[in-house]
Structures are given as C-alpha cells and as structure tokens.
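Please study the sequence and the structure before reading each solution.

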Amino acid sequence: MSGNLLIILAASLVIIALFHRLRLPPVLGYLCVGLLLGPAALSWVDYDRSLPQLAELGIVFLLFTLGLEFSLPRMVALRRVVFGFGTLQVLACGLPLAALLMLFGLSTTPALLLGIGLSLSSTAIVGKELVSLGEVFAPHGQNAIGVLIFQDLVAVLLLTLLPVLAGGTSQAWYLAVAITLAKTLMLFFGLLAVSRWLLPRLFHEVAQVRSAELFVLLALVIVLLTAWITHLLGLSMALGAFLAGMMLGESHYRHQIEADIRPFRDILLGLFFVTVGMLIDWHQFAEQGGYILGLTLLLLLLKGSLITLIARWRGDDIETAWRSGVALAQGGEFCFALVAQAQQRGLLEATHSSLLLSAIFCSMAVSPLMLRAAPRAALMLRRRNHTADLAGTIASSSQDLSGHVVICGYGRVGQSIARILQQEAIPFIALDDDPVRVEEAAAGERNVHFGDSRRADLLEAAGTVRARLLVVAVNDTDVARAVVESTRHLHSTLPILVRTRDDSRLSELQAAGATEVVPEVLESSLLLASHALVLLGLPQARVEAQMDRIRRNRYRLLHGYYHGAQGNLLDIRGQPRRLLHAINLSEDAYACGRNLRELDLANLGLEVQGVRRLGVPLQSSDDLLLEDGDAVLICGDLQAIEAGEALLLTGKT
C-alpha cells in the first residue's frame, strides 16, 4: 500500500504541475495518472481493495466541506430543489435511459437499475469544480448541489435494492426502502442533536487551548467518525458527511474547520480520481472507440437536454437551466460500483459492462472542461443578447440629458464616481461591457447600459455632444486610449478625465486628447505623502499647495522609481518601465562645464528630475552648468537611461 501511494503521489506531482501549466483542470490530470499507472497501461500500481476505500474519503471530505456552506436553514430553503428537482431529474433521465438499455438487449430489471444509476451525476467532479469556480451559490450551482444530495440518497437505495431485485423477492423491496429511509431519518436527527448540544461545547473547549494541532485533530475525528457511523448503518458515507457538515454550518468555527480540512480533501479527492482512471482499459478504446464515443455523446446530450427542460419548466431562466444541464450531464462514480455489482450478480454481461464503464468515464473526463467553458459561453450569450439595438436603447435613455457626465467603465472606480455624482444631483450615464455587472446595476439604476465604450455610435447615443464631462474608468489602457480618440472625433472640446493604473502611458493618453490623466498608484502615493506631512506638523494649506503643484506638473516629481536588485524592468504589458537613475559626474566627465540645454537629454527620451551638488539639490534649469561631483537624477526607460549615462560621461550615445 505504501509503495502504491508513493508512486501515485509522485506521478500526480508531475502530471498536475504540467496540467496547471496547460491551464487544464486538475481532475483530468488525476484521471490521466490513473490511466497511465493502472493495470491496463504501465501497471505500476496494484489495484487492491484498500486503495479505493482510502480514496472514497476524498468524497467524504468534499461533501463535509460543502455541508459547512449549506447550513440547515439554507437546506430547508432548498428542500424543493433537493426533493422536487431531484426526484424529477432522476425519473425524467432514468426512465428514458432504461428504455434505451432495453433496446440494447438488457432485461427490464437491470435496465431500470442501470438507467436510474446512469441518471446520477458525479458528486466529486461537480462539487470540486463548482467550488474552484466559486459557483456553489450561483443559481445553477444550487440546483446542482441540491440534486446531487438527492442523488446520494438514491444511490444508497439502489445499492440496497440491487441484491433484493437480483433475488427476485417482491416483498423485500418495500421493506428495503423503508429501512433505508428510517436509517436516514435516524442519522439526521441524531446528528442534529449532537451538533446542537455537544459539538459547540467541544469546539469551544478546544479553541480555549489555542492549539492548531488539536483543532485539526478534532475536525478530522468528526469527519471520519461521522463517515464510520454512516457506513455502519449501511448508508452512504458521503451523505452522512454532508449532513454532519450541514449541522456545523451555523457554527462560529466553520471557516476554521473548512481551512483545516481542505488539504486532506484535495489530496484524497485526487486519489479518488486516480482510482477511477485505473478502472479503464485502454484496449477497449482501441477496439470499440466508436461505440464508446457514441454512448458518451448520447448520455451527455440526453441528460443535459432533459435537465435543462426540467429547470425551465420549474421557472429557472434560460442560462440557469442550461448551465444546470451542463453541470449534471455526466455519469457518476456510483455507476462504477453499480455496474460491477450487477455484473457479479449476473444481471449484466461483461461486454455491456465494459462499454458502460468506458462511456461513464469519458463523460466524467470531459465534464470539467464543460464546466470550465460554461462561464465563457454564458458571457458570450449575454453579450449577444445585449447587442440588439444598443444605440437605440442608450439614445432613448439619454435623450433628456444635457450637461451630464458620461462614464465609460462601471467597475469599482466608475461606481465610486457615480455615487458621488448622485449625491451632488449631477446626472450621468454609464457604459460597461460586462453584462453581469450591467444586469446587477440596472436593477437599481436606469442609467447604466451595456456597450463597448470604444464605439463612436454608442458614445454619440450616450449624448457625448451634450455632456459636460467624460470619465474613462476602464482597466485597459489601450481601451482607454481608443475611447479618448473616438470621443475626440465627436467632440473636440469636451473635457476627458482618464483613470489609469500607473503613469507608464500618461503622455500617450494626453497626446490622444485626454484633458487630465489620473494614475491611481501616484494618487495613492500623494495621499499617503500628504497625510504623512500633516502628521509631521506641516500646515494643511502648505501640504495642499505642494500636492496641487505636483498635479499641475503632471506628477513629474513622482515619475519613475529606483528598481533595485529584485525589481521588474517590464510592466504587466511587457513594456519597459520608467526608472530613476542617479549619475555621479567625475572630473573628466563629458557633461562637466556644459549646461542641460546643450546636453539635450530630452531628445533621448529622458527627463531630468534634479541635480545635487555636494548633497544640496539645485534648481535644474536649462542654463545650469554641471560640475565635478554633481549627481544628475534622470528618469526614463532602461535603454534611454543607458544612452543618457553614456552621453553624460563620454559624450557618446
């Protein structure tokens, strides 16, 4: 066992690092590890019984952490999703799948069992991806989690019914269902009592000790003890772990518990996906690849379409419906156990079981990619829906406005400006190309519209020719420049205020037509400096005058910085940063005896920030003659600084 774990963890380390570089989901990496190391490929790992038992703990930890997020009141609110949507999904997907299996030659009993089994989805994949994408509490995320909880209960029922139906006794069928439901209710109320009266006191006592090690041990014991008790009752360990987490969801310690559990969850969940990959035979794909691909597509399309229709019928919007279908379209890990037991009991032939297992595996393998692609697809669809007659909609909204402010970009900065304008009763209209943000803002503000601010027709529709000011508050400097240029074609004298991250392209924006450019980094530096001067006892009026003088000089004093040994010479766009560099003039330096006008450093793209003589700063006018021992402080990119240093010292560039 230890040798198997060492090989799996070492291989996972390499493959997952590669998948991160390729920006692929880690789940696929773990599945690939299982495929490579399994008995059908390199056969470096023996598939013994202890390995899947250990890997199953990954799902237990995952469901426990999901339960922490879904407290009991939230689950009560989701009862219609769990039991209503869940029941409809299992029946609506299970019965057609069972009918298809009967067409392939299966008898009624195994077809019904496997059809309902195929209607279940992968809790491990869906739960992990929703958590990593931050979509657990999105409408489609809540649909998926609610249905998955119900599916876990159905999985327990199927495992209970399989031996009964295989034996052919009809009376035991009702008894098995009743016993399973009774056990579930007993577990629920037992965990409810423990979480209300015992666990809070226990966590409080452990927290008083202030030992991180003890807190982690307590969290692990709770998860493993809950799973063990659930297993003794013949129920799903994952379902019990979810109920335990849900009971602790209202605890003050839930965030700390989740943080302590996360490392164990991720590693064990990865181990689970490795074991799933080890079940697949490579040779099966080579011999029957067409059949497997066809079954996979049929499963994904059938389940995805039916779940989408059910969600729409329940009243969900189109996006929530199809994203719920995408999330739940794949087969689940439970089907591996169900198919294996059905084959052992003679309900399923080996050829059928291998085809089903391969199709389920393929659907699980592509599911992370589908879930990762869904947000981008949703964004594209929202943008397409918003583009119909944009100019007309914006024009009708701005037709009564005059002397207003046009805000391009309604992110953090744009919204802050808008709130201040509202307090001063100054009308404004805002454009933003994020449809989600626009939908949220439009719920309470009628003057926020979707649109690309670079488009001249949309700027004209926003009433730019009648506006008093245009504020460009976008993050991308290239977009900001395009907005300025488009505005200048419409209105040559309109004041344009541009917000940028830094001063790297300040002159470029001013040349394009920006009236004022406000670099956030420099403004925050000014704010900190002004507070520092006031706290040092300088008069407020003097500090404000100093700050105003720096702004009037276009932040010249703050241009560039000393990059140091660890500094990055390129900005986030890969362009050279403006740096500061001090050049000390020796007696034989070319610049000695010459003034700054004669040296013409500006022609090299340099700016003289100052000159120091014997440690005393001098007024750096063009007529200043440089002397031995002077330190000339210049600002520019690295190439310009190197040329300037050569000119000052040798007279050559």
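**Exercise 1. Into which classes do the residues that line the largest cavity divide?**

Solution. The lining of the largest cavity has 5 nonpolar, 1 polar and 1 charged residues. Here Ala, Val, Leu, Ile, Met, Phe, Trp, Tyr, Cys and Pro count as nonpolar, Asp, Glu, Lys and Arg as charged, and the others, Gly among them, as polar. The residues in question are Leu63, Leu66, Thr123, Ile145, Leu148, Ile149 and Asp152. Helix 3 and helix 8 are the elements that each give two or more residues to this lining, and helix 8 gives the most, with 4 residues. The volume of the largest cavity is about 30 Å³, and the count of cavities of 30 Å³ or more is 1.

The model is predicted: local features need pLDDT of at least 70, side-chain atom pairs count only at pLDDT 80 or more, and totals for chains, interfaces and linings use all residues. Residues are numbered from 1 along each chain as its sequence is written, and side-chain values use heavy atoms, with hydrogens and water left out.

The terms are defined as follows. On a 1 Å grid over the protein atoms alone, a cavity is a set of points where a 1.4 Å probe fits but cannot get out, whereas a pocket is an open set with protein on both sides within 12 Å along at least five of seven lines; lining residues have an atom within 4 Å of a point. Grid points are joined across faces, edges and corners, and a volume is the space filled by probe spheres set on the points. Helices (H or I, at least four residues) are DSSP runs, numbered from the N terminus.

**Exercise 2. Which element gives the most to the lining of the largest pocket?**

Solution. The largest pocket has a volume of about 1300 Å³. Of its 34 lining residues, Pro52, Glu56, Leu159, Glu333 and Ala337 are the closest to its centre. Two or more residues each come from helix 3, helix 8 (139–167), helix 12 (237–247), helix 13 and helix 16 (334–344). Helix 16 gives the most, with 6 residues. By class, the lining comprises 19 nonpolar, 10 polar and 5 charged residues.

**Exercise 3. Why is the pair of Phe61 and Phe264 stacked?**

Solution. The search of the whole structure finds 4 aromatic pairs. Rings of Phe, Tyr and Trp (its six-membered ring) pair if their centres lie within 6.5 Å; planes under 30 degrees apart count as stacked, over 60 as edge-to-face and the rest as tilted. The ring centres of Phe61 and Phe264 are 6.5 Å apart and the planes stand at 25 degrees, so the pair is stacked. Because Phe61 lies in helix 3 (residues 50–69) and Phe264 in helix 13 (residues 254–278), the pair ties together parts that are 203 residues apart in sequence. Phe61 is buried, at 3% relative accessible area, while Phe264 is partly exposed, at 34%. Buried means under 20%, exposed over 50% and partly exposed in between (1.4 Å probe, protein chains only). Phe188 and Phe189 form an edge-to-face pair, 5.2 Å centre to centre with 80 degrees between the planes.

**Exercise 4. How many disulfides does the count give?**

Solution. A disulfide is a pair of cysteine sulfur atoms within 2.5 Å. The count comes to 0 disulfides. For Cys93, the closest cysteine sulfur is in Cys335, 12 Å away, and therefore too far for a bond. Cys93 is buried, with a relative accessibility of 0%.
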